[in-house]
Amino acid sequence: MDPSIIIFLTSGLFLGWALGANDAANVFGTAVGTKMVRFGTAAVICSLFVILGAVVSGAGTSHTLGKLGAISALPGAFMTALSAAIAVYTMTKAGLPVSTTQAIVGGIIGWNLFSASPTDTKTLTTIVSTWFICPVLAAVIAIVVYKGVTLTLHRSKLHLLRTDAYTRTALILAGAFGAYSLGANNIANVVGVFIPAEPFETLSIGGLFTFSSAQQLFLLGGLAIAVGVATYSKKVMMTVGSELGHISPVAAFVAVLSHSIVLFLFASRGLEAWLASKGLPTIPLVPVSSSQAVVGSVVGIAILKGIGGIQWRVLGRIVLGWAATPLLAGVICFIGLFFLQNVFGQVVN
Amino acid sequence: MEKLRLFGRTRDLEGQIDVFLDKISESAVIFKLAVQVYLKEGPNGEFGEKLNAVNAMESEADTLRRDIEKALYTYTLIPDSRGDVLGLIETLDQIMGLFEGALWAFDIEQPDIPEEFRPGFEKLADMVVEAVDALVLGARSFFRTPAAVADYNHKVMLYEKEADKISTRLKKEIFGSDIELAHKTHLRNFVEHIDNVADWAEDVSDRLAIYAIKRTV
């Protein structure tokens, strides 16, 4: 294997680390912040299921990103992932919520513009439209789930302690589902741009299993996310838990579950095939932002409990962050590619 | 085998809280019987037995309270309502202290209660026990059906008001009688010993109302 592959992959791994540090908080932040689940438990479950989701179901969304811009040269993929990682890092430092999905899409468009490759407007429209659909869908799902859960709790007359115990278990299960969906849906952001370059050879394990270059990339990206979860997500989880203001453990469970359902819907090839077989409209397999999903869920619950609970200024800042991220990543990518090509003499496309 | 029980710790703790509330209801009944015995027969052996029974229940409830508090903190259970549950259990525990204190006062000071005031004392003790019973029911429903707490709190308030009326009337009768002033003040202390329990029950029910609202919002 060419050692330069490792150097070029570092930007993707950096992005994976940033995703682990930030987005694990969307999955387990409320659970850890409300002290319902210990950070250690959350980190282990999150890491395990992110890797599982990435390797098992990561292909669907990667395919869509590939359609947006097939970056065939490793140096180009390196800069695209690096620009996304820098955008994520900068936005996080500025205290703005950030989506790796939007950063990588901005980066890919930056590459398309630099390499004069056409941007598939149909794919771009599909992706951008999900940025609006995702939070709205998360809010709608959260409203339905919250109503169902509170009604069930009211009718079952469970003891306060039993409700607490069940909520903890439900938070862990929903968190595991969320981590799996995050891995499946967002792994494309981390290593998707490297797939067309096929940096690894297909491995055959005892002639029984084959481990394709893409799957090896998914595993590596999953591990990078897991490292991000283990090393840096605690701080972000605590912030998410406290910044959202007072959120009850049951509401935290609903937020995590709704977020996970949305991520799963946009990543499941099985569901797509099932819908298609029934002649129903399919859901596009697009990497969506887990931050948008969780914010949508929380807003949904707030709407149900009375709109007064929403801090519109905070929400405005969040939306502003969503608009600024792809723009920033695109500009960084464009400038970075210029230097990589003209100063370092690398082939970027 | 212990580890295989699903939600075993939670069930144990639920059981402990139920037993703790049982102790308060039981001590209220024994308190009422003890006052009745004292009024009819004075500080005899039966009264002593009842006093010992309330003492024993109070100690058991103390142990339960400590165990519950320890478990809630050690296993970081109900992070959202932990403070409220601890507050509720501690203030409920003080009711048993008031029962115990009143019975000890009867035992140590052995007040001479003239015949004409005895029905008033008995009524007052009945009303106080009714208030405590309603409070315990309210506390039980806080854990399962917080929306029903308001109904029980309403009853606690009603019984407390009745207890206040009875105690005021009783004090007026005592101070309007021909007995010695020292005797009057001695009897008044006992009216207050008993009436304080209802006042405290009302204070606890006020807190309980807030805790219940927090759970239903």
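1. A:Gly33 lies in helix 1 (residues 3-33) of chain A; helices here are DSSP runs of H or I with at least four residues, numbered from the N terminus. A:Gly33 is buried because it has 21 C-beta neighbours inside 10 Å, where buried denotes 20 or more other C-beta atoms within 10 Å of a residue's own, exposed 12 or fewer, and partly exposed the range in between, with C-beta atoms placed from the backbone. Between A:Gly33 and A:Met237 the sequence separation is 204 residues, while their C-alpha atoms are 6.3 Å apart.

2. The model is a predicted one, in which local features need pLDDT of at least 70 and side-chain atom pairs count only at pLDDT 80 or more, whereas totals for chains, interfaces and linings use all residues. Residues are numbered from 1 along each chain as its sequence is written, and chains are lettered from A and ligands numbered from 1 in the order in which they are written.

3. Beyond four places in sequence, the contacts of A:Phe28 (C-beta atoms, placed from the backbone, within 7 Å) are A:Val37, A:Ala42, A:Cys46, A:Gly175 and A:Met237.

4. A:Trp111 belongs to helix 5 (residues 100-114) of chain A and is buried, since 29 other C-beta atoms lie within 10 Å. With residues up to four places away set aside, A:Trp111 touches A:Gly69, A:Ile71, A:Gly76, A:Thr80, A:Cys333 and A:Leu337. A:Tyr146, 35 residues from A:Trp111 in sequence, is 42 Å from it, C-alpha to C-alpha.

5. A:Lys157, in the loop between helix 6 (121-156) and helix 7 (160-191) of chain A, has a positive phi near 50 degrees; it is partly exposed, with 13 C-beta neighbours inside 10 Å. B:Ile78, in the loop between helix 2 (45-74) and helix 3 (82-109) of chain B, has a positive phi near 30 degrees; B:Ile78 is buried, with 22 other C-beta atoms within 10 Å.

6. At the interface, 13 residues of chain B contact 12 residues of chain A. On the chain B side, helix 1 (8-41) and helix 4 (118-144) each supply at least two residues, and helix 1 of chain B provides the largest share, 3 residues.

Definitions and conventions. Contact = placed C-beta atoms within 7 Å.
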